[in-house]
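Dear colleague,

Please find below the structure that I am handing over to you. My notes on it follow directly after.

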Amino acid sequence: MGRRRGEVASPHVRPRTSVLLAGLLLLGCSTSSDPTPPPAPTPSATTPAPLDPAAIVPGDWSCRDSTARFGLALTDGVLAVTGVDTRDGEVFEISEVGWDGRVARFTSRMPSTGHTVQNTLRVKDRNHLRLARAGGSSFSCVASRAPAPAPAAGR
């Protein structure tokens, strides 16, 4: 079946293809005359609220496999860090503190031994931080909120 000279070939379109093309044409042409954007979805009981690291980070944190306890406080977006070895009460020297709104970084040094470690804390969930340490001994752990220290005897 040949074409005659000057005749335009009629395209052969399958029925499913024509339905698909018509659907795409309708989708592409459907516009709303209402300029108001759709309302933002509201969190439901099954949708957890987003984590706010600045609201979670402040507090005392420790890992089960470590005697180090770190206290973190945020004031006007500035992070302050304290640290103590709970085994003997020796206080860490803390330096190079940084906070980018999501990750806390600081260097801790134990004065009696000179042991220095770079620490990174990231929010894991509302009750846990991921602590990674690099330096003389590198490891990572999940830090939990540390219980309040017991009051001194005799008070």
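Gly59 has Leu72 in strand 2 as its bridge partner. Strand 1 (residues 59–62) and strand 2 (residues 68–75) run antiparallel and are joined by four bridges, and a hairpin of five residues connects strand 1 to strand 2. Strands here are DSSP runs (E, at least two residues), numbered from the N terminus, and two strands pair if DSSP finds at least two bridges between them.

The model is predicted: local features need pLDDT of at least 70 and side-chain atom pairs count only at pLDDT 80 or more, while totals for chains, interfaces and linings use all residues. Residues are numbered from 1 along each chain as its sequence is written, and side-chain values use heavy atoms, with hydrogens and water left out.

Strand 1 also runs antiparallel to strand 8 (residues 139–145), through two bridges; there, Trp61 stands opposite Arg145. The open sheet consists of eight strands in the order 3-2-1-8-7-6-5-4, with antiparallel pairing. Strand 3 (78–85) and strand 4 (93–99) are at the edges with a single partner strand each, so one side of each has no neighbour in the sheet.

Arg133 lies in strand 7 (residues 128–135).

Yours sincerely
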